[in-house]
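Here is a short briefing to read alongside the model. Take a look at the sequence and the structure first, and then we can walk through some contacts and surfaces together.

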Amino acid sequence: MEYKRDSRDGCFYMVEPTVGRTDFQEEVATIHGTNIPLAAYCYETGSPLPAVAASTKRKLWREPVTDRWSAEEQQKLRDPAGVEKVDAYWRLNDPMPWFNFTIKRIIARFQ
């Protein structure tokens, strides 16, 4: 469940249930060593749970489009020093999400 704090009254309000699908939070956990969707799958199928290999390195997960929008709104976006940046799409060991993302952007540009 995602919540947002209303700046008018300071209360948290439900904005989006994320039941049955993965979201950004799972990817952040995965890059730090805990694959939540895989653990849920293993639990449901009775398979052995994967070992947790918690990362000791600080990592910053970036989704380029929303990060650009955020930077434009804030007129600044600074990365903390000493933090490894992990792109949501580009991974040398798995380049297909980036290729898919890029092709969709190119097609959208011409439509």
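**Briefing: surface, strands and salt bridges**

Leu92 sits in the loop between β4 (84-87) and α4 (96-110), where helices (H or I, at least four residues) and strands (E, at least two) are DSSP runs numbered from the N terminus. This is a predicted model, in which local features need pLDDT of at least 70, side-chain atom pairs count only at pLDDT 80 or more, and totals for chains, interfaces and linings use all residues. Residues are numbered from 1 along each chain as its sequence is written, and side-chain values use heavy atoms, with hydrogens and water left out.

**Surface**
- Leu92 counts as exposed because its relative accessibility is 74% (buried means under 20% relative accessible area, exposed over 50%, partly exposed in between; 1.4 Å probe, protein chains only).
- Leu92 belongs to a nonpolar surface patch with Trp90, Met96, Trp98, Phe99, Ile103 and Ile107, and together they have about 750 Å² of accessible area.
- Patches take residues with over 30% relative accessible area and no salt bridge, joining nonpolar side chains (Val, Leu, Ile, Met, Phe, Trp, Tyr) within 5 Å and like charges within 9 Å.
- Accessible areas come from the Shrake-Rupley method with a 1.4 Å probe, and for residues only the protein chains shown count as cover.
- Pro48 lies in the loop between α2 (36-45) and β3 (59-62), and with a relative accessible area of 70% it is exposed.

**Strand pairing**
- Strands β1 (residues 2-5) and β2 (residues 12-16) run antiparallel and are joined by four bridges (two strands pair if DSSP finds at least two bridges between them).
- Tyr3 has Met14 in β2 as its bridge partner.
- The hairpin of β1 and β2 has six residues between the strands, and Gly10 there takes a positive phi near 75 degrees.

**Salt bridges**
- The structure holds five salt bridges, each defined as a side-chain nitrogen of Lys or Arg within 4 Å of a carboxyl oxygen of Asp or Glu.
- Glu27 and Arg91 meet in one, at 2.5 Å from N to O.
- Glu27 lies in helix α1 (residues 24-31) and Arg91 in the loop between β4 and α4, so this pair ties together parts that are 64 residues apart in sequence.
- Asp6 pairs with Arg8, with the closest N and O atoms 2.6 Å apart; Asp6 is buried at 15% relative accessibility, while Arg8 is exposed at 75%.
- Asp67 pairs with Arg62, with the closest N and O atoms 2.7 Å apart, and both residues are buried.
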